[in-house]
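Reader: I would like to learn how to read a few features of a fold. Can we take them one at a time?

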Amino acid sequence: NFTGYSKHVGEYPACKPSYVDGTENLLAYAIDKLTTAPTFAKPFPFSTYFCEFWPRETYEQMTRYFPPDAMFDNYKAKQKGCGKGGCRYQMEHTSILKADPAAKQSLWPQIVPAQSFWRNITSVVFSRSFEQALWRKLKIKGPIKRRELRILSDKNGWANGRIHTDMQARKVATMMFYLPSSDGAKYDYGTCLHTFQQYKHRVVQKKGATRKGTGKDGEGDCFFKFLFLPNSGYSFRVGKSSWHSAPNKFITHHEHMHRNTLLVNWY
């Protein structure tokens with residue numbers, strides 16, 4: 001393992017900064033960033049890469065109000081086994097919004113301003129105008145049955161690793177925002193997009209699960225790999241060819257540098 005460009009990655013799409021400070025309308029700002037983000041036709045159609053998506057102040061608040069480990073829904077179940085091998089802490093945004101501040105104050109002293117902040121972010125990404133802009137961007141048609149916003153922390157960068165499409169979960173679209181405090185893991189913790197051939201030639205995990213429609217879990221080379229940079233992310237339309245992964249192989253797992261992300265899904 002090493003930090004830097006990998007021979008297992010075909011291309012790292014460029015991230016071109018375009019901050020606009022002092023914006024007063026967060027929704028309009030987010031829609032503009034979404035609309036102007038590049039859209040890729042390969043390795044599968046309708047994927048897009050975000051660079052510095054949120055206003056600077058908003059991103060600073062997003063990292064400031066990222067929940068402490070003890071607030072995550074699965075913290076008690078995961079904490080004992082979350083050693084060198086890493087683990088994923090996860091929570092639904094509703095766990096923050098519905099939490100009793102008085103009961104959680106000792107775990108999270110900032111919970112009151114955090115609730116206000118995450119309520120505002122949720123109102124943006126689940127607003128009708130933002131979703132309509134995303135549907136136009138990714139050429140999505142048809143009704144949406146369910147939405148979710150999840151906050152994830154992959155300790156030491158350990159993600160699930162497997163190449164998959166999200167079809168099994170019956171997703172229509174997915175969107176992820178990267179929330180690092182530095183670019184120290186930029187070549188390592190980003191998400192890969194794969195061709196079908198790269199999926200076919202994946203290194204199958206001996207102890208991996210077997211999934212209907214996907215086969216045996218495994219990792220493989222990347223067509224694109226998005227850089228894990230502060231305030232960046234991606235989105236794509238889910239389909240039979242939307243092969244992607246957050247690899248654990250061919251990367252450096254940085255001790256005490258976690259893969260903190262915000263995941264938004266539409267079903």
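Reader: What should the 15 residues of helix α6 span at 1.5 Å a residue?

Author: This is a predicted model. Helix α6 covers residues 111–125, and at 1.5 Å a residue it should span 21 Å. Its end C-alpha atoms are 21 Å apart, so the two values agree.

Reader: Which residues of α6 are buried?

Author: Ile-111, Ala-114, Gln-115, Phe-117 and Trp-118 are buried. Further along α6, so are Ile-121, Thr-122, Val-124 and Val-125.

Reader: How should I read a nonpolar core?

Author: In soluble globular proteins, nonpolar side chains tend to be buried together. Here the largest nonpolar core has 45 residues, and Trp-54 and Trp-118 touch the most other members. The elements that each supply at least two residues of this core include α1 (26–36), α2 (56–64) and α7 (128–138), with strands β4 (88–92), β5 (147–154), β6 (173–178) and β15 (259–266). Helix α6 gives the most, seven residues. A second, separate core has 24 residues, among them Val-9, Ala-185, Leu-227 and Val-238.

Reader: And empty space?

Author: Rolling a probe the size of a water molecule over the atoms shows where empty space is left. In this model, one cavity reaches 30 Å³ or more. The largest cavity holds about 40 Å³.

Reader: Which residues line the largest cavity?

Author: Ser-6, His-8 and Val-9 are in the lining, with Gly-220, Cys-222 and Lys-225. Pro-247, Lys-249, Phe-250 and Ile-251 complete the lining. Five of these residues are nonpolar, three polar and two charged. Val-9 lines this cavity and also belongs to the second core.

Technical notes
Residues are numbered from 1 along each chain as its sequence is written. This is a predicted model: local features need pLDDT of at least 70, side-chain atom pairs count only at pLDDT 80 or more; totals for chains, interfaces and linings use all residues. Side-chain values use heavy atoms; hydrogens and water are left out. Helices (H or I, at least four residues) and strands (E, at least two) are DSSP runs, numbered from the N terminus. The expected span of a helix is 1.5 Å times one less than its number of residues. Buried means under 20% relative accessible area, exposed over 50%, partly exposed in between (1.4 Å probe, protein chains only). On a 1 Å grid over the protein atoms alone, a cavity is a set of points where a 1.4 Å probe fits but cannot get out, and a pocket is an open set with protein on both sides within 12 Å along at least five of seven lines; lining residues have an atom within 4 Å of a point. Grid points are joined across faces, edges and corners, and a volume is the space filled by probe spheres set on the points. Ala, Val, Leu, Ile, Met, Phe, Trp, Tyr, Cys and Pro count as nonpolar, Asp, Glu, Lys and Arg as charged, and the others, Gly among them, as polar. A nonpolar core is a set of buried Ala, Val, Leu, Ile, Met, Phe, Trp, Tyr and Cys residues joined through side-chain atoms within 4.5 Å.
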